[in-house]
Amino acid sequence: MVYTLKNFIADCRAALSDNSDSRGREQVRTSLCKLLIEDTFVNDNCGPNLEAGTSLLYQDEDLGFQIVAHIMEDAYEGGPHDHGASWAIYGQAVRYTDMTEWTRIDDGSKNGFAKIEKAKVYRLQPGDAGVFDDHKIHSISYPSGARFLRVTGVDLSTIKRSRFNPKNNTVSLTRREKFSGGA
């Protein structure tokens, strides 16, 4: 049986209604992997004829989660950041995305200062998905033509998110209202 965006949305709603914690997010991740192996879905929402940028595929009015397609024309290497008080699940549709998870090793007591170190590096291939819980520090990089979905707990343009500079040991907290990039 074909698994569609409509099926995925229904599964997300059920999972997050029953478990708004890591158990529900893991169910969403598993369902996202299932969606990303559907050729028709990938072609329609992440295919080669689509315009570069991001497109909102769905926003849930009751639970607040969003499903966004990222069609990336150019290669990108982003810096460490978090998604603030929201979780995020990245799912690869085309090419790959290299994920780096970071650990904050200072105590967070000094304003604007953050010492972080790499904790884990891995690659998402088509059909793979990874979960980042609230405030989990990560960075991504991908080649030109990469395409992925990102499911978030809220509209990220409405919350403040941390951006880290590991070379200078700094952190800034900002809101990115008109965000249309890769992370």
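## What covers helix H3

The buried residues of H3 (39-46) are covered by, among others, H1, H2, S1, S2, strand S4 (88-94) and S9. Helices here (H or I, at least four residues) and strands (E, at least two) are DSSP runs, numbered from the N terminus. This is a predicted model, where local features need pLDDT of at least 70, side-chain atom pairs count only at pLDDT 80 or more, and totals for chains, interfaces and linings use all residues. Residues are numbered from 1 along each chain as its sequence is written, and side-chain values use heavy atoms, with hydrogens and water left out.

Which residues of H3 are buried? They are Phe41, Val42, Asn45 and Cys46. They span an arc of only 95 degrees around the axis, so they sit on the same side of H3; the arc is that of the directions from the helix axis to the C-beta atoms. Over on the other side of H3, Asp39 and Thr40 are exposed. For the cut-offs, buried means under 20% relative accessible area, exposed over 50%, and partly exposed in between (1.4 Å probe, protein chains only).

Asn45 belongs to helix H3 and counts as buried because its relative accessibility is 16%. Setting aside neighbours within four places in sequence, Asn45 is in contact (heavy atoms within 4.5 Å) with Leu50, Leu57, Ala69 and Ile71.

Thr40, also in helix H3, is exposed, with a relative accessible area of 54%. The C-alpha atoms of Thr40 and Thr4 are separated by 8.6 Å, and these two residues are 36 residues apart along the chain.

## Helix H1 and its two sides

Helix H1 runs over residues 5-18, and its 14 residues should span 20 Å at 1.5 Å a residue; the end C-alpha atoms are 20 Å apart, which agrees. The expected span is 1.5 Å times one less than the number of residues.

The buried set in H1 is Leu5, Phe8, Ile9, Cys12, Ala15 and Leu16. Their arc around the axis is only 135 degrees, which puts them on the same side of H1. Lys6 and Asp18 are exposed on the other side of H1. As background, an α-helix has 3.6 residues a turn, so residues three or four places apart point the same way. The buried residues of H1 pack against helix H2 (22-35), helix H3 (39-46), strand S1 (53-59), strand S2 (66-71) and strand S9 (147-152).

## H1 against H2

How do H1 and H2 pack, and at what angle? The angle is about 170 degrees, with the axes 8 Å apart. That makes H1 roughly antiparallel to H2. Axes are lines fitted to C-alpha atoms, for helices over the stretch in contact, and angles run from 0 to 180 degrees between N-to-C directions. Angles under 35 degrees count as roughly parallel, over 145 as roughly antiparallel, 65 to 115 as roughly perpendicular and the rest as oblique.

From H1, Leu5, Phe8, Asp11, Cys12, Ala15 and Leu16 meet Gly24, Arg25, Gln27, Val28, Ser31, Leu32 and Leu35 of H2. The residues of this contact divide into eight nonpolar (Ala, Val, Leu, Ile, Met, Phe, Trp, Tyr, Cys and Pro), two charged (Asp, Glu, Lys and Arg) and three polar (the others, Gly among them).

## Two loop residues

His135 has a positive phi of about 65 degrees although it is not a glycine, and is found in the loop between strand S7 (129-132) and strand S8 (138-142). Asn169, in the loop between strand S10 (161-165) and strand S11 (170-174), has a positive phi of about 55 degrees, and is not a glycine either.
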